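Subject: Structure for you to look at

Hello,

I am passing on a structure, and my notes on it are below. Please read them with the coordinates open.

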Amino acid sequence: MAQHQTILAAIDIPPQKRKRMPRSRSQKQTPEAPASDSTMEKESAVQVGDPAPDTILPAPQLSPDAEILARAQAGDHHAFAHLYSLHKRRIYSLCLRMVGNVAEAEDLTQEAFLQLHRKIGTFRGDSAFSTWLHRLSINVVLMHLRKKGLPLMSLDEAMEPSYDDGPGRSFGAPDLSLTGSIDRLALERAVAALPAGYRLIFVLHDVEGFEHNEIAAMLDCSVGNSKSQLHKARLKLRDALRLSLRKGDRR
Amino acid sequence: MTTDPRNMGCQEFRNQLSDLVGSGADVENHPHIKDCDICRELYEQLRTIAEAAKQLFPDQEPEDHLWERIETAIKKEDGITGAK
C-alpha cells in the first residue's frame with residue numbers, strides 16, 4: 001500500500017528546488033517551449049492516445065503523470081516519448097551545466113534517456129520519479145567524466161586559487177568590488193572555464209542545490225573535501241570575475 | 001590547535017572559512033570578520049557568488065532532433081536485444 005502511494009507521487013520536487021524557490025523559467029525559452037512542466041503535463045496528458053485505463057492502470061485514481069509513468073514502465077513507447085517531453089528540459093539543462101558544452105550535453109541527455117529506457121522497469125517509487133531520473137542522469141555525466149579521465153576532484157595545486165591578490169591589495173580599487181551584484185554572463189563564463197572538478201562541485205552545490213553529504217556520496221569523497229573544493233571553486237570564480245572587471249575597466 | 005576566534009589572524013580565518021561556510025556557521029558575526037575589513041570583504045564576495053549561482057544557467061530546451069536520435073537509438077537497442 002505504502003509503495004503504491006509512493007509510485008503515485010510521480011509529480012515531485014527535483015533536488016535543485018529543495019533548498020530554494022524554483023528557477024525562473026522566463027529566460028531563454030524557445031518559442032515552442034512550454035510555460036512550465038506542469039502546464040505541459042496537463043496539456044499533453046490529454047494528447048497521448050489510447051490510454052486504455054481499464055486494462056493498464058493499476059488503480060483508478062492515478063494522476064496523469066503517474067499514469068504516463070506506469071504505461072512507460074509497461075513498455076508503451078508513446079508514454080516513454082511523453083516522459084521525455086516532460087523531463088527533457090531539466091535533464092538537458094543539468095547535463096549542459098555539468099559539462100558546459102552543447103554537443104556533449106546532447107550526447108549525455110541521449111545516454112540518460114537510453115539508460116532510463118533500460119531501467120525504467122526497476123523504478124519502484126522509493127523516491128520521486130524526477131529525483132530518481134535526476135540522480136540517474138548525474139551518474140551518467142559522472143561516468144562520462146571519469147571515462148574521459150577528468151579528475152572529479154581537482155587536485156592540481158598549480159590550479160588552486162590563492163589569496164595573494166586578496167582584498168588587502170585592493171584598497172581604493174573600485175574595480176575589485178564585487179559586493180552587491182554580479183554580471184551573470186561573466187559568472188557563467190567563469191564557471192565554464194573552471195577546471196572540471198571545481199565546476200562539478202560548484203554546479204552540484206551552488207546551482208543544483210545538493211548538500212555536501214549528498215555530493216560526497218556521489219563523488220566518493222569526504223564531506224570536508226567537498227566543502228574545501230567548493231570554497232576553492234568560489235575563490236577561483238572571484239579571481240576570474242575580478243580579472244574580467246579589470247579588463248572591462250581598461251576598455 | 002584552534003585559536004580563540006577573537007585572536008584569530010587572517011590566514012587562520014581563511015583556512016577555516018570553507019568549514020565555517022559549509023557548516024552553516026554565523027560567519028557574519030564571527031569575531032574576526034567584525035574586526036577585519038579585508039576578510040569581511042572576501043567573505044561577502046564569496047557569498048555574493050554563491051547567491052548569484054542560483055540564477056545561473058537557466059533551463060534550456062534541447063533541439064528537436066535530439067528525440068529523433070534517442071528514438072533511433074532505442075529502436076536499435078530493442079532490435080539488438082530482440083524486443084519483446
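This is a predicted model: local features need pLDDT of at least 70, side-chain atom pairs count only at pLDDT 80 or more; totals for chains, interfaces and linings use all residues.

Overall make-up

Chain A contains 11 helices and 0 strands. Its elements, taken from the N terminus, run α-α-α-α-α-α-α-α-α-α-α. It has 251 residues, of which 35% count as buried. Among its contacts with a separation of 6 or more, 69% are between residues 24 or more positions apart.

Chain B has 4 helices and 0 strands, in the order α-α-α-α along the sequence. Of its 84 residues, 26% are counted as buried.

Confidence in chain A

The mean pLDDT of chain A is 73, with 61% of the residues reaching 70 or more. Where is confidence lowest, and where is it highest? The lowest value belongs to helix α2 (residues 37-47), with a mean of 37, and the highest to α6(A), at 97.

Two stretches of chain A call for caution. Over residues 1-11 pLDDT stays under 50, and the model has 18 contacts beyond four places in sequence for them. Over residues 20-54 pLDDT also stays under 50, and here the model has 33 contacts beyond four places in sequence.

Helices α4 and α5 of chain A

The axes of α4(A) and α5(A) come within 7 Å, crossing at roughly 130 degrees. On the α4(A) side the contact is made by A:Ile68, A:Leu69, A:Arg71 and A:Ala72, and on the α5(A) side by A:Ala79, A:Phe80, A:His82 and A:Leu83. By class this contact comprises 6 nonpolar, 1 polar and 1 charged residues.

A:Pro64 lies in helix α4 (residues 64-73).

Helices α5 and α6 of chain A

Helix α5 (residues 77-99) packs on helix α6 (residues 102-119) at an angle of about 135 degrees, with 8 Å between the axes. This pair is therefore oblique too, and α5(A) passes α6(A) in a right-handed crossing. From α5(A) the contact draws on A:Phe80, A:Tyr84, A:Lys88, A:Ile91, A:Tyr92, A:Cys95, A:Leu96 and A:Val99. From α6(A) it draws on A:Val102, A:Glu104, A:Ala105, A:Leu108, A:Thr109, A:Ala112, A:Phe113 and A:His117. The classes are 12 nonpolar, 2 polar and 2 charged residues.

One residue of this contact can be followed further. A:Ala105 sits in helix α6 and has 23 C-beta neighbours inside 10 Å, so it counts as buried. Which residues does A:Ala105 touch, leaving out those up to four places away in sequence? They are A:Tyr92, A:Cys95, A:Leu96 and A:Val99. A:Tyr92 is 13 residues from A:Ala105 in sequence, and the C-alpha atoms of the two are 6.3 Å apart.

Regards

How values were computed: Residues are numbered from 1 along each chain as its sequence is written. Chains are lettered from A and ligands numbered from 1 in the order in which they are written. Helices (H or I, at least four residues) and strands (E, at least two) are DSSP runs, numbered from the N terminus. A residue is buried if 20 or more other C-beta atoms lie within 10 Å of its own, exposed if 12 or fewer, and partly exposed in between; C-beta atoms are placed from the backbone. Axes are lines fitted to C-alpha atoms, for helices over the stretch in contact, and angles run from 0 to 180 degrees between N-to-C directions. Angles under 35 degrees count as roughly parallel, over 145 as roughly antiparallel, 65 to 115 as roughly perpendicular and the rest as oblique. A crossing is left-handed if the near helix is turned anticlockwise from the far one by less than a right angle, and right-handed if clockwise. Two residues are in contact if their C-beta atoms, placed from the backbone, lie within 7 Å. Ala, Val, Leu, Ile, Met, Phe, Trp, Tyr, Cys and Pro count as nonpolar, Asp, Glu, Lys and Arg as charged, and the others, Gly among them, as polar. pLDDT is the predictor's confidence in each residue, from 0 to 100.
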